[in-house]
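The report below covers their packing and shape.

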Amino acid sequence: MAHVRNLKGLVGIVTGGASGLGRATVERLVRQGASAVILDLPKSEGKTVAESLGEKCAFSPTDVTSEADVKNALELARTKFGRVDVVVNCAGIAVAAKTYNLNKQLPHSLEDFQRVINVNIAGTFNVIRLAAGEMGKNDPDEDGHRGVIVNTASVAAFDGQVGQAAYSASKGGIVGMTLPIARDLAPMGIRVVTIAPGLFATPLLVGLPEKVRNFLAKQVPFPSRLGDPGEYAHLVQSIVENPMLNGEVIRLDGALRMQP
């Protein structure tokens, strides 16, 4: 049987790791015997989360669009834990605005659109391109495997709703670069997979009124509820462990197809 990998002893970096999907991923990595570095903004809860998880976790204040910040985080992972095996990109932002608001005679802010594209696409790519060099230093296993990169898109990449032009475009960009980057990094023994989550109980959705949360949950065919961030983290683990998963985008959405 082909080699099935294990999280124990691996070292991961997780962007947006102080909350939501990223935090659940960090917690799962540590529980399964891996070490993790949280990359999140200085004002985040990253330091507190890292301290709560003990010596196998560290925090590196990071703006994912900054080359210097990402390099510092990779340096921390190398000096503290010795290597980087897994990268999980969860950092992202969103805005909600129509392309043109007829009632207000107002076009979508170009600055807001560019900011979402910059953080979600360029930020993700910035982490990938720098982390790939660090993973390339690893000794390959019997499959020639040196590392795995997991990106986070969204069902909005496929089912973008009213007011989601910027967000959908940014997540569509992540989907679109998954295969070419997987092909680019294949000779290095680095896999690239993207998860496209549906409606998950992240801080953004949990903060909505209960009536709204219930309405959203009913839109999911089965199971008819919001996803748990731990389920996202579980899929990350499965991707890391299964060496044949590469160059693919996986919807994790309970068969949800968003309405306009």
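## α4 against α5

The axes of α4 and α5 come within 8 Å and cross at roughly 20°. Axes here are lines fitted to C-alpha atoms over the stretch in contact, with angles from 0 to 180 degrees between N-to-C directions. The two helices are therefore roughly parallel to each other, a label for angles under 35 degrees. This is a predicted model, where local features need pLDDT of at least 70 and side-chain atom pairs count only at pLDDT 80 or more, while totals for chains, interfaces and linings use all residues. Residues are numbered from 1 along each chain as its sequence is written, and side-chain values use heavy atoms, leaving out hydrogens and water.

Contact means heavy atoms within 4.5 Å. On the α4 side, the residues that meet α5 include Phe 113, Ile 117, Ile 121 and Ile 128. Their partners in α5 include Ala 166, Ser 170, Ile 174 and Met 177.

## The shape of α5

Helix α5 spans residues 165–185 and has 21 residues. From first C-alpha to last, α5 reaches 30 Å, close to the 30 Å expected at 1.5 Å a residue. α5 bends by about 35° at Thr 178. Pro 180 follows within four residues.

## What α5 buries

Buried residues (under 20% relative accessible area, 1.4 Å probe, protein chains only) of α5 include Tyr 167, Lys 171, Thr 178 and Leu 185. Their cover includes α4, β7 (147–152), β8 (190–197) and β9 (249–252).

Note on methods. Expected span 1.5 Å × (residues − 1). Bend = angle between axes of the 7 residues up to and from the residue. Buried < 20%, exposed > 50% of the residue type's maximum accessible area, 1.4 Å probe, protein only. Parallel < 35°, antiparallel > 145°, perpendicular 65-115°, else oblique.
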